[in-house]
Amino acid sequence: MRRWWFAMRPAAAATLIAKPCKSLAADDRSHELSGDEQRTVALFQKCSNSVVHINTFVRKETSPYGFFGSLQDIKQGTGSGFLWDAEHIVTNYHVIKDADKATIVFADHSSFEATLVGTEPDHDLAVLRCQTPAACQALEKGVSSKLQVGQKVFAIGNPFGLDQTLTNGIVSGLGREMQGVNGTLMRNLVQTDAAINPGNSGGPLLDSKGRLIGFLKRKESSCAIHRINKRTASVNTMIASPSGAWAGVGFAIPVDTVKRIVQQLIKHGYVKRAYLGLHLATEQLNEHLARSVGQITGVLILKMDPGSPAEKAGLRPFLQTHGGIIVGDEIVELNGHEVQSADDVMAILDEQHIGDTIQVKYRRREARRIETRQTSVQLGERPRHARQDSSGLRPVRRSKL
């Protein structure tokens, strides 16, 4: 009996030791995802195939011995983009600016050379065309007009060349302003604290259901800029990292703006925009001229394009005569909205359509008196030569219809 007892004792001991381990394993649920985590994973799996990595190149002649060499594609930079439809890619204009070639790398690592459909530098937008894998689907478009501060957002892109990176945050602010790639003031931007690092530019900003609500854009500056939006009386602050890395403030172009522009780029290759034909003084020049002509609260007309809607309406620019300089008209209101800078004028024109009639209130300085006048101007279409595009990408061939 004693021998039996000693034979059984190790097995019994092993059973006693195993029981608590089995209980701990049953209680360990660290591998299980919460409901919120499951939704985030599902969003990434649904949308990541729609996001692409863009490599840009410039062609340079290489000649190691000082004679005529061969042209080679030198890598210029990288960025992100996303599928708009079955054949079009949307990205930032500054991603492909000055590039001679662009290749699109999809989530399955397939790569295709892109052709340029059109650009809109004023809104930092570009549309490319290339072959797309069957497994990649276009993103569902949302609505940015109903965004609220505090709602959750997600960003997918390729920061620092790291493909298919997901970050999340919230809508931190609405109606923000920042300087565009060509110096134009971009308005009504979405501010987010979702991490946007180098390489993220051109990627999508998504809501919690995976719908496109914005178009990522980094602000690379070492300063904080405070601007007052005179039409909404709101104060906007742009803060960027001196190192160029993420500092908690990122911006996105709202999808409602993206829809309007991309549709025109695909259809025409450029954006048809309402046009007055004015060349306006900067705020700094207005302040300088105020010393000689008196207080200026609007914006002065420096020049007008010949045959433009503004010229036809009888507006007057600065004129050089034998008797001296005649000061140009000072625009103070457009359609009842006060204007105090060229950016204010452009913002109002952006809301108009070609052929619309706009009411212009202005001041004209005659000898020693100032008259306030008003006129109607029918807006034309901005001429093609007024658009700037420094991309050297091969354009899409368009048939004449």
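The side chains of D344 and R187 meet in a salt bridge, with 3.0 Å from N to O. Please keep in mind that this is a predicted model. The two partners come from distant parts of the chain: D344 belongs to helix α7, residues 342-350, while R187 lies in strand β10, and 157 residues separate them. Are these two residues buried or exposed? Both D344 and R187 are buried.

R187 has another partner. It also forms a salt bridge with E177, where the closest N and O atoms are 3.4 Å apart. This pair, too, links distant parts of the chain, since E177 sits in strand β9, residues 165-179, and R187 in strand β10, 10 residues apart. E177 is buried, as is R187.

As a general point, side chains of opposite charge can pair when their charged atoms come close. How many salt bridges does the protein have? The count comes to 20. One of them joins R211 to D207, with the closest N and O atoms 2.8 Å apart. Here the two partners can be classified by their accessibility. R211 counts as partly exposed because its relative accessibility is 28%, a value between the limits of 20% and 50%. D207 counts as buried because its relative accessible area is 6%, which is under 20%. Elsewhere, salt bridges link E120, D122, R273, D350 and R382 in a network.

Let us return to strand β10, which covers residues 185-192 and includes T192. T192 is buried, with a relative accessible area of 0%. What does the side chain of T192 reach? It reaches the backbone nitrogen of A194, at 3.0 Å.

I now turn to strand pairing. Strand β23, residues 357-366, pairs with strand β21, residues 330-334, in the antiparallel sense over four bridges. Within this pairing, K361 of β23 stands opposite E333. Strand β23 is also joined to strand β24, residues 369-378, by 10 bridges, and these two strands run antiparallel. For example, V360 has T375 in β24 as its bridge partner. Together, β23 and β24 form a hairpin with two residues between them, and A367 in the turn has a positive phi of about 50°.

Finally, the whole protein. It contains seven helices and 25 strands. Of its 401 residues, 43% count as buried. Among contacts with a separation of 6 or more, 64% are between residues 24 or more positions apart. The accessible surface comes to about 21,600 Å², and 52% of that belongs to carbon and sulfur atoms.

Definitions and conventions. Residues are numbered from 1 along each chain as its sequence is written. This is a predicted model: local features need pLDDT of at least 70, side-chain atom pairs count only at pLDDT 80 or more; totals for chains, interfaces and linings use all residues. Side-chain values use heavy atoms; hydrogens and water are left out. Buried means under 20% relative accessible area, exposed over 50%, partly exposed in between (1.4 Å probe, protein chains only). Contact means heavy atoms within 4.5 Å. Accessible areas come from the Shrake-Rupley method with a 1.4 Å probe; for residues, only the protein chains shown count as cover. A polar contact is a pair of N or O atoms within 3.5 Å; within protein, one must be able to donate a hydrogen and the other to accept it, and residues adjacent in sequence count only if both atoms are side-chain atoms. Two strands pair if DSSP finds at least two bridges between them. A salt bridge is a side-chain nitrogen of Lys or Arg within 4 Å of a carboxyl oxygen of Asp or Glu.
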